[in-house]
Amino acid sequence: MVLMEGDPFIYKTSTNPSQMSNNEDVRAYKEKTGNDHDSFLESVMVTGSYKKLYSYTHLLNGFSIHVKSEEAIKYLRNSTYVRAIYEDVKMEKLTTHTPDYLGIPNGVWPTLGGARSSGERVVIGLIDTGISPDHPSFASLSSLSSDSKLLNHTRFRGTCAMGDHFFSSACNGKIVGAQYFALGAIAAGDFNATRDYASPFDADGHGSTSSHTASIAAGNNGVPVIVNGYNYGFASGMAPGAWIAAYKALYTFGGYMSDVVAAVDQAVEDGVDILSLSVGPSTVPPGPASFLNVLEMQLLFATRAGVVVIQAAGNGGPSASSILSFSPWITSVAASVTDRKYNGTLILGNGQSYSGMGLAPPTPGDTLYQVAAAADVCERNNSIGFLESCQNAQPFITSLSEGKLIICTYTFDFEYENASIIRVAETMRTVRAAGFIMTMDPDLGSEQVKGTTVTLGVPAIILNNMQASTALWEYYDSMTYRSRSGRAVAFTATARILDGRQATYTGQAPIVAAYSSRGPDVNNALLQTADVLKPTLMAPGSSIWAAWSQNSEGDRNIRGQDFALVSGTSMATPHVAGVAALIKQMHPKWKPSAIISAMMTTADVVDQSGNPILAQEANQLTSANPFDYGAGSINPSHALDPGLVFIAQFGHYIQFLCAVPGVDDESVRRATGVGCPTKRKEWCSDLNTPSVTISNLIGSRTVTRIVTNVAEFEKYHVIVTEPEGVKIKVTPQMFNISANATRHLKLMIEATKVTNAYNFGELLLRGSKKHVVRVPIAVYVSSVLGS
């Protein structure tokens, strides 16, 4: 990917880039810039030595090309017209209960005119694996056509690309735009048109524009979640009235940066209001700063255009600094576990019962069924490990397995995805078993079992702890009679399985999910920590019901279903995108930083019981901190009315980049096209964000924050909880602030003890009219500069 000298279209607009020019202006500039790129390439490259994939014209002035010769790259690098060159890299793909869990139906939708109106006239652009237009979550429920409504929405001008499984009727008033980007993947040889579909159609089911997360953000309200003939409840998006624009740039194999950059460029050119990305790099990008990679830069320009950018934090937790979304202009979303649990129960013939997992029906009636180990009802000319995993029906003796509950074992093959729970269910159906009981291999211990959220059509339970597994085997061995050769000749152990599809609600939530990537944020690939709080905030991400593509190639366990229960920060991200849409609807003139601020300062740092939020880590729960959950767990109803907001704009972000350690002025200019100002900020912590992070405090530092009142006149009282090893003095301690007015808050932060570790506190602004504004503080007191 090559960035050129000269401005993209966004620089040619007025001082307010969100006020977009007409279609003709955009089209003419796009055509001219693309032609300029072609002329440049023809002047410096040998014909036939390259293939141009995209011209980037809206947010960036540049192009992507496919070349195999280092000499060709050398020609480009030596050109005075080339600002920067980036290697194309592979990208990773990073709900019936959650609206109620987040208090949206009663606390938000009534304020916005009801569920069907909530999010109306807001377009959420989703960058991921496409969308399934025939899914009921995306059916048009409006009496008005999309065209008539879009006439009143001056920003959006997207189109729908027709293609394989994606017809003219796909853009139906709920889906208002859909395009796909695959030239980078095609050039790399990874794209398979039969598998991946040359259209916006979702062949994977995964991500943010994929059916699953599109429905989390803006799926219709009250859609029945029916899987294997069972109704699990009714699904809804966070903003059921919002429009969806799908930009497919990811596939079953992941995706390429050049395609993602092209998708973002198009989405902002089209005029989306919210941009949701459940995608990110696989590692910290190389170069002087993680903030200067081409995608982070493009998302900065998207913010400048008035678009709120939401991105998954990554699934590398619970390791420290596993975050894969770096910049302060991006809302990086961590994932939490909600209070909804699906537990099955196994009742043995001796009266003992054990809990387990498994979205599966019960064995019929109150009848106890004979229990048999898989190895005892199979031919013996196979390895025990192969038989115990129950992956193949061929070795089973159907006359022995029929009508019995079969004991299978969760082995290393499941961990390495050479085996799957769904294949066990298929085997049981073939051998006419009554169901199966999955026990844990002692060599594995109590691991996170893969496949426990797969919906099964046969009675089943997964005993995902060693105590229950051991107890079952002891009971089975004591009740099974064997010949001298060890062959089972009589099965007298019995059991029955209760329904595992009934949800229970514990009330203990949210809890930070183990897989959710953790802070602190990093400046570069050397993992030097940054003065930026990451993740930004947290939303539900574990075991989320939402729409699924029946043609999904991404997970064979869920193929053919309309809904799936999936986990990841990819699922948390569209929750925040949907809430951002609700805020945008209520406050259409707010800048992206104001919307992010509203979600951060009103987030919860205690669970539903009023206790501090906990985090999953190494098979135990520990106290969580802002590097686990950011500003806290999103609270949609409070975010609509935050009282005060912290606003940052494009120029402030340039100041931030110019203060990043190890980044010189030329690096900033090459990445952004803008030079560092003469009068500049000394520290990255000077950026006006609703958090304070200092990665290397020596002695003392003064930090200023500017608050803007988006409510009526109010009097605020300042309360500070100091991190260990730090003394903080805030001026003023009390202040009055009128509507739309601003106030400066000066924080004098002084080191009192060397900690050589991050410690946490908070700045709390408590208003006389019930507003509470919370600002997390993270400080590392160092003994040696740069250590």
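Reader: In which loop is Ser321 found?

Author: This is a predicted model. In it, Ser321 is found in the loop between β15 and β16.

Reader: What is the phi of Ser321?

Author: Phi of Ser321 is near 55 degrees, which is a positive value in a residue other than glycine.

Reader: Which peptide bond is cis in the case of Pro318?

Author: The bond that joins Gly317 and Pro318 is cis, with omega of about 5 degrees. Pro318 is found in the loop between β15 (308–312) and β16 (331–337), and Ser321 is found in the loop between β15 and β16 as well. A further cis peptide bond runs from Gly519 to Pro520, with omega near 5 degrees. Pro520 is found in the loop between β28 (511–512) and β29 (537–540).

Reader: Where does Arg121 lie, and what is its phi?

Author: Arg121 lies in the loop between α5 (104–107) and β6 (123–128). Phi of Arg121 is near 65 degrees, again positive in a residue other than glycine.

Reader: Is Arg121 buried or partly exposed?

Author: The relative accessibility of Arg121 is 34%, so Arg121 counts as partly exposed.

Reader: I turn to the helices. At what angle do α9 and α17 pack?

Author: Two helices in contact may be described by the angle and the distance between their axes. Helix α9 (residues 211–218) and helix α17 (residues 569–586) pack at an angle of about 30 degrees, and their axes are 7 Å apart. Angles under 35 degrees count as roughly parallel, and α9 and α17 are therefore roughly parallel to each other. The crossing in which α9 passes α17 is right-handed.

Reader: Which residues of α9 and α17 meet?

Author: From α9 come His212, Thr213, Ile216 and Ala217; they meet Ser570, Met571, Pro574, His575 and Gly578 in α17. The residues of this contact divide into four nonpolar, five polar and no charged.

Reader: What are the buried residues of helix α15?

Author: In helix α15 (residues 421–430), the buried residues are Ile421, Ile422, Val424, Ala425, Thr427 and Met428. These buried residues of α15 pack against β21 (405–410), α14 (412–415), β22 (435–440) and β23 (460–462). Just after α15, Arg432 takes a positive phi of about 60 degrees.

Reader: How many aromatic pairs are there?

Author: Aromatic rings pair if their centres lie within 6.5 Å. By this rule the count comes to 20 aromatic pairs. Planes over 60 degrees apart count as edge-to-face. The rings of Phe291 and Phe656 have centres 5.1 Å apart and planes at 70 degrees, so this pair is edge-to-face.

Reader: Which parts of the chain does the pair of Phe291 and Phe656 link?

Author: The pair links distant parts of the chain, 365 residues apart: Phe291 is in the loop between β14 (279–281) and α11 (294–304), and Phe656 is in helix α21 (residues 650–659). Phe291 is buried, with a relative accessible area of 0%, and Phe656 is buried too, at 3%. Ring pairs also link Phe291, Trp329, Tyr653 and Phe656 into a cluster.

Reader: How many residues apart are Trp473 and Tyr476?

Author: Trp473 and Tyr476 are three residues apart, about one turn of the helix, and both lie in helix α16 (residues 466–479). An α-helix has 3.6 residues a turn, so residues three or four places apart point the same way. Trp473 and Tyr476 form an edge-to-face aromatic pair, 5.9 Å centre to centre with 80 degrees between the planes. Trp473 counts as partly exposed at 23% relative accessibility, whereas Tyr476 counts as buried at 0%.

Reader: Which residues does Ser685 touch, not counting residues up to four places away in sequence?

Author: With that exclusion, Ser685 touches Asp531, Thr693, Ile694, Arg701, Val703 and Arg705. Ser685 is found in the loop between α22 (665–672) and β35 (692–697) and is buried, with a relative accessible area of 2%.

Reader: Where does Leu359 lie?

Author: Leu359 lies in the loop between β19 (353–356) and β20 (369–373). Leu359 is buried, with a relative accessible area of 1%.

Methods
Residues are numbered from 1 along each chain as its sequence is written. This is a predicted model: local features need pLDDT of at least 70, side-chain atom pairs count only at pLDDT 80 or more; totals for chains, interfaces and linings use all residues. Side-chain values use heavy atoms; hydrogens and water are left out. Axes are lines fitted to C-alpha atoms, for helices over the stretch in contact, and angles run from 0 to 180 degrees between N-to-C directions. Helices (H or I, at least four residues) and strands (E, at least two) are DSSP runs, numbered from the N terminus. Angles under 35 degrees count as roughly parallel, over 145 as roughly antiparallel, 65 to 115 as roughly perpendicular and the rest as oblique. A crossing is left-handed if the near helix is turned anticlockwise from the far one by less than a right angle, and right-handed if clockwise. Contact means heavy atoms within 4.5 Å. Ala, Val, Leu, Ile, Met, Phe, Trp, Tyr, Cys and Pro count as nonpolar, Asp, Glu, Lys and Arg as charged, and the others, Gly among them, as polar. Rings of Phe, Tyr and Trp (its six-membered ring) pair if their centres lie within 6.5 Å; planes under 30 degrees apart count as stacked, over 60 as edge-to-face and the rest as tilted. Buried means under 20% relative accessible area, exposed over 50%, partly exposed in between (1.4 Å probe, protein chains only).
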